[in-house]
Amino acid sequence: MNYQDTLKYLYESVPMFQQVGSQAYKEGLQNTLALDKYFGHPHTQFRTIHIAGTNGKGSCSHTLAAILQEAGYKVGLYTSPHLIDFRERIRINGASVPEEYVIDFVEKHRFFFEPLYPSFFELTTAMAFRYFADEKVDVAIIEVGLGGRLDCTNIITPDLSIVTNISFDHMQFLGDTLAKIASEKAGIIKKGIPVVIGETTPETKPVFINKAQETGAPIIFAEEEQKVRSCQPSVSGSGIIYDTEEYPQLQGELGGYYQIKNTNTLLSALKQLNKLNYHIDEQAVRNGFANVSKLTGLMGRWQKLQDSPTLICDTGHNVAGISHIVQQLQQQNYNRLHIVMGMVNDKDIRGVLKLLPQKAIYYFTKASVKRALPEAELQNLAQEFGLEGTTYATVRDAVEAAQKKSLPEDFIFVGGSSFIVADLLASRDALNFH
């Protein structure tokens, strides 16, 4: 098999959450433990940092990886979902796992895993851990796939656990209250392992405190440490400059407002890592924050693809994520606002639509995944909230229409789902960005 054949085999023979949603979710760790044993417990061969949370875990994972790379570590990074190519999920010092490794892994080991019928994520996690061990990374940043307690990444014993925040998402698996969701995500808190909690609510904080007490885990609340004293947009307008005690005028490359909370979480985490004998100097922190995308390949976080008109995309896809985006849109200067919008069918679609500005021209579309909500359905639901616009069969069609209808002083936002952003970035060469 070549690389494309291997991907086709993976996508079609193991259930993939990205494509089919809940049918791909396998509760329990039996398959994970069987795979781990077969591959020789690779996760025990390198240090790990475990990151969970409803929003922000991707940005935090990539930024932390960038900082540790700059501090001289060989850093594995395991995240999901991918936007353009499967190999984005598994990186070392920013470089994606080679195509040959993916092909060989499947060819050599399919005789073992086929009878298990693992999920796509179970198999990908086993591949990542084996690859990091083969390449002898110093430390791997492991992002939780879904939840925490029963997530197949939860077999690791990390140096540090981080939970960014808790809001409503994946409620069909994690529970219908913030406390229940927090309880699932608190499942990554381990005996004696320090945990940094980014944000809490009155409902979630007791859950974390109880779990930390049960496990004897030192718990640090980043919002109480409040490392970020103030911040302002950078001169270029695409990043943020943070005023912090340890790092005055810290330049962050990532520009979304939600990055302020992520940065506060990360600064608390860095303090803990230094206590754990990681050697992270100030220059590494500054370089990591300033060059996350280049160092790790991060995409789709308030990412600017075009000027005149400005075109920004963002992977925010639930009520909490979209509320930050809407707040940020209100701060932009433009003549008219154009929003290219699509969602998947298992999200709180009405909750998101309720937040969106009525004073915008909408381009309703759907991503090229089976879970995508048909664009006409999205348009009908949007009309209930006074959002008016036209439907387009593909993201590329929708973006091209927005570009044609926009004046140079207009603003185009593309989002609603990671998969909308993925389709946009995959069409990047065909679209006329300038």
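Start with α3 and α5, which are oblique to each other (angles under 35 degrees count as roughly parallel, over 145 as roughly antiparallel, 65 to 115 as roughly perpendicular and the rest as oblique). This is a predicted model: local features need pLDDT of at least 70, side-chain atom pairs count only at pLDDT 80 or more, and totals for chains, interfaces and linings use all residues. Residues are numbered from 1 along each chain as its sequence is written, and side-chain values use heavy atoms, with hydrogens and water left out.

Stay on this pair. Helix α3 (residues 30–38) packs against α5 at about 130 degrees, with the axes 11 Å apart. Axes are lines fitted to C-alpha atoms, for helices over the stretch in contact, and angles run from 0 to 180 degrees between N-to-C directions. Helices (H or I, at least four residues) and strands (E, at least two) are DSSP runs, numbered from the N terminus. Select Ala-34, Leu-35 and Tyr-38 of α3, then Lys-108, His-109, Phe-111, Phe-112 and Phe-113 of α5: these make the contact (heavy atoms within 4.5 Å).

Next, select α4 (residues 57–70) and α11 (residues 259–275). Their axes come within 10 Å and cross at roughly 45 degrees. This pair is therefore oblique too. On α4, the contact residues include Cys-60, Leu-64 and Ile-67; on α11, they include Leu-266, Leu-270 and Leu-273.

The largest nonpolar core has 35 residues (buried Ala, Val, Leu, Ile, Met, Phe, Trp, Tyr and Cys residues joined through side-chain atoms within 4.5 Å; buried means under 20% relative accessible area, exposed over 50%, partly exposed in between, with a 1.4 Å probe and protein chains only). Select Leu-10, Phe-86, Ile-90, Met-127 and Phe-132, which have the most contacts inside this core. Helix α6 (120–134) is among the elements that supply at least two residues. The largest share, 10 residues, comes from α6. Centre on Met-127: leaving aside neighbours within four places in sequence, Met-127 touches Leu-10, Phe-86, Ile-90, Tyr-101, Val-102 and Phe-105. A second, separate core of 32 residues includes Cys-60, Val-75, Leu-270 and Leu-273.

Finish with the backbone. Show Ser-80 to Pro-81: this peptide bond is cis, with omega near -10 degrees. Pro-81 sits in the loop between β2 (75–78) and β3. Then go to Ser-308 and Pro-309, also joined by a cis peptide bond, with omega about -5 degrees. Ser-308 has a positive phi of about 50 degrees, although it is not a glycine. Ser-308 lies in the loop between β12 and β13, partly exposed at 44% relative accessible area.
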